[in-house]
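Here's a quick briefing to read alongside the structure. Take a look around the model, then work through the points.

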Amino acid sequence: MTSPVRLALLGCGTVGQEVVRLLHEQSADLAARIGAPLEIAGIAVRRLGRDRGDLPVDEDLFTTDALGLIKRDDVDVVIEVVGGIEPARSWLVEALRAGKSVVTANKALLAEDGVALHEAAAEGGGDLYYEASVAGAIPLLRPLRESLHGDRINRVTGIVNGTTNFILSAMDATGAGFAEALEEATALGYAEADPTADVEGFDAAAKAAILASLAFHTRVGAADVHREGITEVTAADMASAQAMGCTIKLLCIAARGVDPTGRETVSVRVHPAMIPRSHPLASVGDAFNAVFVEADAAGQLMFYGRGAGGAPTASAVLGDVVAVSRNRLAGVRAASESAYADLAVRPMGEALTRYHVSLDVADRPGVLASVASVFARHDVSIATVRQGSAGGPAGRDGDAELVIVTHVAPDAALAATVGELRGLDIVRSVTSVLRVEGDA
């Protein structure tokens, strides 16, 4: 075997510790696959002396000087599992410009400023790999970047956040409200003490940007992604979905389209949506992730597995480490960023979707006709109408509930329809608005 490939590990939390364990436990196999042993040159941490259990690594490898570790001449590959934008961005740009290869799980940084990382990699001649940034252990990004590179991908629909999927799955199974399901998720360790990034869709939006960039050969950033969370989803919404043979999932959707001028575009969005129980994503429960890809030649593909956690994420990190290490030994680098298509990112208002609208209305003749006329004025076609008994959600006598599902229309037209409905005297309240995906 040749000289060892030397690794700098930035961060030694849940994922970093699992990376160290896997490097130790699988050292012989990894060396055989690469053609050279892997050695940890150093581990950058925030604080020295912290109890890390029986981690199989010498204490003298730990340092608080991450930049100094990166700059060392004996470091070949930098593994970043710290997260956040800064100082991670500065560290990785420094490493890449120096010609070192980088493996990162930092979806927030890639979505915020992946351009800077790709440009630094091109300048230095090293590899930038980030399989672990989306969907944990699921082999997803490399198939998009390599296996499907000869095909045309038209749409990517995914469940890419385990916390929100656990919450919505619990609401679907038990009839619990959002707050109760979040409390259960927190108790079981699926939700952070501050779950904002998950439940408000920020985490999923960052992953959606990465998926769209790879699938459509276009630079898509977090700011390009329309984002809505699940905090407004109620037990009543879930019950209404069940009545339609659907469930509710937080979906990331990236799709090709054509704007009114005929120009090809891509739309990228994250929001809760009703999907029919016959859809492959509907059966994805607990904290699992799944991504459904639709391509011209390959047809429909689905990737499923654990999307988070120390061991699953470390598995993806080590897969990338093997790939970049083999490249370094062979004196080659992976294909650089592919952004040749440069598709325009379509505004959410132009995205084509469907709405499920629940209204608490006055229970008297002519109400349905008045409501239908609002939809007609905005050129939105109604697919189905269901009317509930008097005494609707507001609890007043003389009220009724109308549940309307539309056909596909531009999101702006649907939103304008709902806005006008809110101003009608006969509409006591718009109790719920959810998008509908699939053939529900």
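What follows goes from the whole protein down to a single residue.

This is a predicted model, where local features need pLDDT of at least 70, side-chain atom pairs count only at pLDDT 80 or more, and totals for chains, interfaces and linings use all residues. Residues are numbered from 1 along each chain as its sequence is written, and side-chain values use heavy atoms, with hydrogens and water left out.

**Overall shape**
- The C-alpha atoms sit in a box of roughly 85 × 50 × 35 Å along the principal axes.
- A compact globule of 440 residues would have a radius of gyration near 22 Å, and the protein's 24 Å agrees with that (taken over C-alpha atoms; the rule is 2.2 Å times the number of residues to the power 0.38).

**Build and contacts**
- You'll find 14 helices and 18 strands here (DSSP runs: H or I of at least four residues for helices, E of at least two for strands, numbered from the N terminus).
- Of the contacts between residues at least 6 apart in sequence, 74% join residues at least 24 apart (contact means heavy atoms within 4.5 Å).

- Buried residues make up 53% of the 440 (buried means under 20% relative accessible area, with a 1.4 Å probe and protein chains only).

**Zooming in on Ser325**
- Ser325 belongs to helix α12, which covers residues 310-330.
- Ser325 counts as buried because its relative accessibility is 0%.
- Leaving out residues up to four places away in sequence, Ser325 touches Val5, Ile34, Leu38 and Val77.

Technical notes:
Buried < 20%, exposed > 50% of the residue type's maximum accessible area, 1.4 Å probe, protein only.
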